[in-house]
Amino acid sequence: MQYITKKHISRRAVLRGMGVSLALPLLDSMVPAQTPLSKTAASPKPRLACIEMVHGAAGSTGEGTNKHYWAPEKEGRDFEWSQSLEPLAPYRDYITIVSDTDLHPATAWAAAEEGADHFRSSAVYLTAAHPKMTEGSDYYVGTSLDQLYAQRFGQDTPLPSIQLCIEMVDASGACDYGYACVYADTISWASPTQPLPMTLDPRMAFENLFGEGGTPEERLARQKVNRSILDSIAHDVARLQKGLGASDRKRLNQYLEDVREIERRIQRIEKYNASGETRQLPAAPLGVPDSYEEHLRLMFDLQALAFMTDTTRVSAFKMSRDVSGRVWPESGVKTPFHPCSHHGEAPARVAEFAKLNRYHVSLIPYFLEKLKSTPDGDGNLLDHSLVLYGSPMGDGNVHNHKRVPIFVAGHGGGVKGNLHIRCADSTPMANVYLTMLHKLGVNVESFGDSTGEVAM
């Protein structure tokens, strides 16, 4: 374990045991008063979380635009919540809605590319670049928003970025319409030719954050006897606590309990999935729960812990996969996801899709509350984060990329929130990304097909 007791603990202090590397949350002992470090700790580097939901939104249709299913009717700071975004109301001061932007690079640029929107969209979502049509390994698109930030401000953290997903992936071979599967399987690109794999299994994500050293066999043995990663660092934890003040001990104990609770949840899932009981997702890894919401919350919890400990400042999270036929009973919508997006412009079916959009948005406040309730420097994690949520598709019924749904949560980079911005027709969504990069301190002249900034 690397720390100096009683007087000052390094911000990079780590508790280490066999196969375990546990970073610590920001403690008072890490920022002694009257030092330059105290000023740095008060305003930590912003975190960036990029979330994608596929298939567009009902509010991007003609019917949905008129009924304001997604974009509020009023602009500015006195907007009224739309149906799909109303679950965000408790976080109004943190929410910036940007309406009527387009993602033109996701459209077909040649006759041969017609009909392949589902197999291009995710690759364009954070890159705002048009993918090369190929079924081989010579794929090419662009560097994604999250990776530009990670390359600038993620190199001094244990993990420059993390990439997570919810649905099954198969980043090999060809999918359909002449596109390699990798284009649909990830939203994160370290370079135009380097897609980053996304982690589906909460166990694997947990081990990536907290596991270090040891062999796969040793980690498996620990899991089989239901041991916690905290067992191997218990002695060092006790030593560390002796040198901490009361508030630091309380915060450390809460953090360790949060880690242990996530571990328990994963263990319960693995135990059930190994029991022989019928699974709704029989092909999924052992650590993946049948429940979508349980899976989602585990992944949000892991991102929050990673941000809290500065293990990483960047995450990319894919909440679904194009042409998914998943059904969410909790939403009250019985139609599978992809067919629901093909509503034929029938008003009742557009309304049904809007109901499903609202359900997906309603899952985001869980993450926002985690961030808001976590102290960080002179505020909380949501004060020091930007959380992007959106889709690379607009009207899923016709596979267009106009009026794409998007909002940003958080005050990272000085974004004020409590704002609805309506852009001029055909404004590139990349303008939002360029603005975010500049707010976050990444000085680039342009991004994707950007033409300027938006007034966030």
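**View 1. Helices α9 and α10 pack against each other at an angle of about 150°.** In this predicted model, helix α9, which covers residues 246-273, lies with its axis 11 Å from that of α10. Because angles over 145 degrees count as roughly antiparallel, α9 is described as roughly antiparallel to α10. The crossing of these two helices, α9 and α10, is left-handed.

**View 2. Residues of α9 meet residues of α10.** On the α9 side the contact is formed by R251, Y255, D258, V259, I262, R265, I266 and I269, and these meet E294, R297, L298, D301, L302, L305 and M308 in α10. Sorted by class, the contact of α9 with α10 comprises 9 nonpolar and 6 charged residues, with no polar residues.

**View 3. Helix α10 also packs with helix α13, at an angle of about 25°.** Here α10 is made up of residues 292-308 and α13 of residues 364-372, and the axes of the two helices are 10 Å apart. Since angles under 35 degrees count as roughly parallel, α10 and α13 are taken to be roughly parallel to each other. The crossing of α10 and α13 is right-handed, whereas that of α9 and α10 is left-handed.

**View 4. The contact between α10 and α13 is shown residue by residue.** From α10 the contact draws on R297, F300, D301, Q303, A304 and F307, while α13 contributes I364, Y366, F367, K370 and L371. By class, this contact of α10 with α13 has 7 nonpolar residues, together with 1 polar and 3 charged residues.

**View 5. The structure holds 1 cavity of 30 Å³ or more.** The largest cavity has a volume of about 70 Å³, and the residues that line this cavity are M53, V54, G56, A57, W70, N357, H360, V361, Y389, G390, S391 and P405. Two elements, helix α12 (347-362) and strand β13 (385-390), are those that give two or more residues to this lining, and the largest share, 3 residues, comes from α12. When the lining of the largest cavity is divided by class, 7 residues are nonpolar and 5 are polar, and no charged residues are found there.

Conventions
Residues numbered from 1 in each chain as written. Predicted model: local features only at pLDDT ≥ 70, side-chain atom pairs only at ≥ 80, totals over all residues. Heavy atoms only, no water. 1 Å grid on protein atoms, 1.4 Å probe; cavity = no way out; pocket = protein on both sides within 12 Å on 5 of 7 lines; lining within 4 Å. Points joined across faces, edges and corners; volume = space filled by probe spheres on them. Helix = DSSP H or I, 4+ residues; strand = E, 2+ residues; numbered from the N terminus. Nonpolar A, V, L, I, M, F, W, Y, C, P; charged D, E, K, R; others polar. Axes fitted to C-alpha atoms, helices over the stretch in contact; angles between N-to-C directions. Parallel < 35°, antiparallel > 145°, perpendicular 65-115°, else oblique. Left-handed = near helix turned anticlockwise from the far one by under 90°. Contact = heavy atoms within 4.5 Å.
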